[in-house]
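This briefing sets out selected features of one protein model for computational use. The points below are grouped by topic.

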Amino acid sequence: EIEGLRSFVDNMPPQYALLGIQLMWTLDVTKALDECRVKKSGVAECTKKQTAILSELSSWCLEELPNKMTRTKYECLVTIQVHQRDVMADLNSFFKQKKLHSATDFEWLKQARFYWQPEEEDLCDDDGKLCVSVTNVDFMYMYEYLGCKGRLVITPLTDRCYITLAQAIGMFLGGAPAGPAGTGKTETVKDMGRSLGIYVIVTNCTDQASYGSMGKIYKGLCMAGLWGCFDEFNRIKLPVLSVVAAQVMSILDAKRLGQETFYFPGDPQKIGMDPTVCFFITMNPGYAGRQELPENLKALFRSCAMMVPDREIIIRVLLCAVGYDDFVLLSRKFTVLYALSEEQLSKQKHYDFGLRNILSVLRTAGQTKRDNRDSSEAKLLYQTLRDMNLSKMVAQDVPLFLSLLKDLFPKVPSPPVAVYKEVEDEVNKAVDEAGLIQHKNWLKKVVQLYETTVVRHGIMVIGPTGGGKTQIFTMLRKGLAEVNKIPYREARLNPKAILAS
């Protein structure tokens, strides 16, 4: 099966390729667990097979691929396969401890399992039905075209959220993940929609929302049979929330009764009802300007507490997805570095060691690995972590950050600083023409700004008045114009001249 995997994946759209490896995994695991009493080695063999598939998929990510979409497809397959391999390894350890006896144990049933039922019919295919099961709730795969999308790394927190949301849908209720910003509430809902082949429409709620505008969205979701995720739902004003509760209740009641048409509150005519419609609300509790939900609305949603996810799992999976072999050890070093940086560096408003920063570092680490296949992976990650973080650090934090890196990579000599000869030469010429002094540290900042432009599309330069911020932009712009032989234009906006409304 592994031999034919590449041709299958390359000849299929991303959604079908992903479904293929998920169906294959479910079939293999179910078979191994069904036969575990007779064939004791079946679970261990299945674990080895999943590890072999992961190694095969990960090796593809290092190749020079024809386009960005193919890379996204492969990385998505690796992300899901890492989870499948980890699940199988956990099941194997439970089996060895005699805590797992058959395919009906909860440790297996709590996973999202993909079954092909040839005797059933669904919306798209008379020859069979694709069913996705989470615990005891079965979902029909909806075959919605979602394109070539990345997928979330599945952590234990994501698993628990899936179970809670699946149970809520099974009981004809909505789901309400709640927790601080950056914990993946909205992303988890979107990712669950992707795994079921259904489109999720995300609406960002404000205090300007009226019951009429919310009602229009609800009616549209009902008739289309889509999932609606309402972000920061508790920003809506209390009088509006009371009416919203009645609107949501009427939809969920119609869904529970299996009605094809029903009366929406305030609408004289019946509207259509697609039973696949679901509602999710995400909330950041405890912030200023947020409402407490009324009790009649709370009762319609099943809550799920979200917290900061395990960064090490996310880094480990994504390092594997971009082609690193030693991803287990390197992910631990990466996690420790960022944890120590948050604790020991000075507290600056612009410092960010959260998930968004981690993802951009990992993307660059993948590109660095592809450009230097024969170099040591530890050295490549050391270089990426140093170069992508030094530019934003104040002078007092630089020595401490470099010493943290040296402690984490004791056997790795410090890689030389990247040199961009052509750009630096043109910048030096522009500095001379402008009559400025070629100050070594200031020129280093020009190079760091150039490195940042390569990996970022929105950049903020901060520092004291007279520190040379504007001149950094100007000199780099002139230098790049000469290197690339195309004009770089500068448009200045005075923020005091822009109205807030």
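A residue counts as buried when its relative accessible area is under 20%, as exposed over 50%, and as partly exposed in between. On that scale Cys304 is buried, because its relative accessibility is 9%. The model is predicted. The secondary structure of the protein comprises 18 helices and ten strands, and 48% of its 501 residues count as buried.

**Overall dimensions and contacts**

- Taken along the principal axes, the C-alpha atoms of the protein fill a box of roughly 80 × 65 × 45 Å.
- Of the contacts between residues at least 6 apart in sequence, 71% join residues at least 24 apart.
- The C-alpha atoms of Asp90 and Tyr450 are separated by 45 Å, and these two residues stand 360 residues apart along the chain.
- Asp90 belongs to helix H4, which spans residues 68–96, and Asp90 is partly exposed, with a relative accessible area of 44%.
- Between the C-alpha atoms of Gly20 and Met171, which are 151 residues apart along the chain, the separation is 29 Å.
- Gly20 is part of helix H2 and counts as buried, at 18% relative accessibility.

**Packing of helices H2 and H3**

- A pair of packed helices is described by the angle between the two axes and by the distance between them.
- Helix H2 (residues 14–34) packs with helix H3 (residues 42–60) at an angle of about 160°, and their axes are 8 Å apart.
- H2 is therefore roughly antiparallel to H3, a term applied to angles over 145 degrees.
- The crossing in which H2 passes H3 is left-handed.
- On the H2 side, the contact is made by Met24, Trp25, Asp28, Val29, Ala32 and Leu33.
- On the H3 side, the contributors are Gly42, Val43, Cys46, Lys49, Gln50 and Ile53.
- By class, the residues of the contact of H2 with H3 comprise eight nonpolar, two polar and two charged.

**Packing of helices H17 and H18**

- Helix H17 (residues 440–455) and helix H18 (residues 469–484) have axes that come within 10 Å and cross at roughly 65°.
- H17 is therefore roughly perpendicular to H18, a class that covers angles of 65 to 115 degrees.
- H17 passes H18 in a crossing that is right-handed.
- From H17, the residues Trp442, Lys445, Val446, Leu449, Tyr450 and Thr453 take part in the contact.
- Their partners in H18 are Gln471, Ile472, Phe473, Met475, Leu476 and Leu480.
- The contact of H17 with H18 divides into nine nonpolar, two polar and one charged residues.

**Helix H7**

- Helix H7, residues 185–195, is mostly covered, with nine of its eleven residues buried.
- The buried residues of H7 are Lys185, Thr186, Thr188, Val189, Asp191, Met192, Gly193, Arg194 and Ser195.

- Tyr143 has a phi near 55°, a positive value in a residue other than glycine.
- Tyr143 is located in the loop between strand E3 (137–140) and helix H6 (156–170).
- Tyr143 is partly exposed, since its relative accessible area is 21%.
- Lys485 is not a glycine, yet its phi is positive, at about 55°.
- Lys485 is placed in the segment after H18, and it is exposed, with a relative accessible area of 66%.

**Cysteines**

- The structure holds zero disulfides, where a disulfide requires a pair of cysteine sulfur atoms within 2.5 Å.
- The cysteine sulfur closest to that of Cys304 is in Cys161, at 3.9 Å, which is too far for a bond.
- For Cys148, the closest cysteine sulfur is in Cys76, at 7.2 Å, and this distance is likewise too far for a bond.
- Cys148 is partly exposed, with a relative accessible area of 23%, whereas Cys304 counts as buried at 9% relative accessibility.

Technical notes
Residues are numbered from 1 along each chain as its sequence is written. This is a predicted model: local features need pLDDT of at least 70, side-chain atom pairs count only at pLDDT 80 or more; totals for chains, interfaces and linings use all residues. Side-chain values use heavy atoms; hydrogens and water are left out. Axes are lines fitted to C-alpha atoms, for helices over the stretch in contact, and angles run from 0 to 180 degrees between N-to-C directions. Helices (H or I, at least four residues) and strands (E, at least two) are DSSP runs, numbered from the N terminus. Angles under 35 degrees count as roughly parallel, over 145 as roughly antiparallel, 65 to 115 as roughly perpendicular and the rest as oblique. A crossing is left-handed if the near helix is turned anticlockwise from the far one by less than a right angle, and right-handed if clockwise. Contact means heavy atoms within 4.5 Å. Ala, Val, Leu, Ile, Met, Phe, Trp, Tyr, Cys and Pro count as nonpolar, Asp, Glu, Lys and Arg as charged, and the others, Gly among them, as polar. Buried means under 20% relative accessible area, exposed over 50%, partly exposed in between (1.4 Å probe, protein chains only).
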